[in-house]
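Please open the model in your viewer and get your selection tool ready. We will go from stop to stop, and at each one you will hear what to select and what is there.

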Amino acid sequence: MPYVQPLAPGFRYGLGAIAGGGSAGQLVVLSGDNEFSVNTDPAKRSFGLLEKTTKDGELGGVFCLGGIYETDVFVGTPAPGDELACDATGKLKVKGQGEFAVGEVIAAATGVLRFKLYV
């Protein structure tokens, strides 16, 4: 089961519903008035990181405005100092050219990523 653990949390916003549902650790974008959806475009600015798995139309907690987090929801092999972006499924990955940075890797070991959230 995917998880996101706030170690030194930033702000948590919990008043918006999610369109289409999403899983813990996926990045979200604004998709309407007080509505979010999973970000599937690395060039788009993410609003924050989904706190827990949330069904379509439910209110979901979104970590935003910084903080330090730990998660097992990422792809690839990030290294300390790498900037992060979202992939086509909303998961964290190493940022490529032309992609919007959402965080920076602090540590990555044994399937767990610790990072600083920018958004």
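The tour below goes through the cores, strand pairings, aromatic pairs, salt bridges and cysteines.

This is a predicted model, so local features need pLDDT of at least 70 and side-chain atom pairs count only at pLDDT 80 or more, while totals for chains, interfaces and linings use all residues. Residues are numbered from 1 along each chain as its sequence is written, and side-chain values use heavy atoms, with hydrogens and water left out.

**Stop 1: the cores**

Select Leu84, Leu92, Leu113 and Phe115. These are the residues with the most contacts inside the largest nonpolar core, which has 15 residues. A nonpolar core here is a set of buried Ala, Val, Leu, Ile, Met, Phe, Trp, Tyr and Cys residues joined through side-chain atoms within 4.5 Å. Buried means under 20% relative accessible area, exposed means over 50%, and partly exposed is in between (1.4 Å probe, protein chains only).

Now colour strand E6 (62-71), strand E7 (83-86) and strand E10 (112-117), the elements that give two or more residues to this core. Which of them gives the largest share of this core? That is E10, with 3 residues. Helices (H or I, at least four residues) and strands (E, at least two) are DSSP runs, numbered from the N terminus.

Centre the view on leucine 113. Not counting residues up to four places away in sequence, leucine 113 touches Tyr69, Glu70, Thr71, Phe74, Pro78, Leu84, Leu92, Val105, Ala107 and Ala108. Contact means heavy atoms within 4.5 Å.

**Stop 2: paired strands**

E3 and E5 pair in the antiparallel sense over 2 bridges, with leucine 27 standing opposite leucine 49 in E5. E3 also pairs with E4 in the antiparallel sense, over 4 bridges, and here leucine 30 stands opposite phenylalanine 36 in E4. Two strands pair if DSSP finds at least two bridges between them.

Pick asparagine 34 next. This residue takes a positive phi near 55° in the hairpin of E3 and E4, which has 2 residues between the strands.

**Stop 3: aromatic rings**

How many aromatic pairs does a search of the whole structure find? The search finds 5. Rings of Phe, Tyr and Trp (its six-membered ring) pair if their centres lie within 6.5 Å; planes under 30 degrees apart count as stacked, over 60 as edge-to-face and the rest as tilted.

Select tyrosine 13 and phenylalanine 47. Their pair is edge-to-face, at 6.1 Å centre to centre with 70° between the planes. Tyrosine 13 is in strand E1 (residues 4-13) and phenylalanine 47 is in the loop between strand E4 (35-38) and strand E5 (48-50), 34 residues apart. Phenylalanine 47 is partly exposed, at 25% relative accessibility.

Then go to phenylalanine 63 and tyrosine 69, a tilted pair at 4.9 Å centre to centre and 40° between the planes. Phenylalanine 63 is buried at 4% relative accessibility, and tyrosine 69 is buried at 0%.

**Stop 4: salt bridges**

A search of the whole structure finds 4 salt bridges, each a side-chain nitrogen of Lys or Arg within 4 Å of a carboxyl oxygen of Asp or Glu.

- Select glutamate 51 and arginine 12, whose side chains meet at 2.6 Å, N to O. Glutamate 51 lies in the loop between E5 and E6 and arginine 12 in strand E1, so the pair ties together parts that are 39 residues apart in sequence.
- Select arginine 114 and glutamate 70, a salt bridge of 2.6 Å, N to O. The pair links arginine 114 in strand E10 with glutamate 70 in strand E6, 44 residues apart. Arginine 114 is partly exposed at 34%, whereas glutamate 70 is buried at 16%.
- Select lysine 116 and glutamate 104, with their closest N and O atoms 3.6 Å apart. Lysine 116 lies in strand E10 and glutamate 104 in strand E9 (residues 103-109).

**Stop 5: the cysteines**

A search of the whole structure finds 0 disulfides, a disulfide being a pair of cysteine sulfur atoms within 2.5 Å. Cysteine 64 is buried at 6% relative accessible area, and cysteine 86 is buried at 1%.
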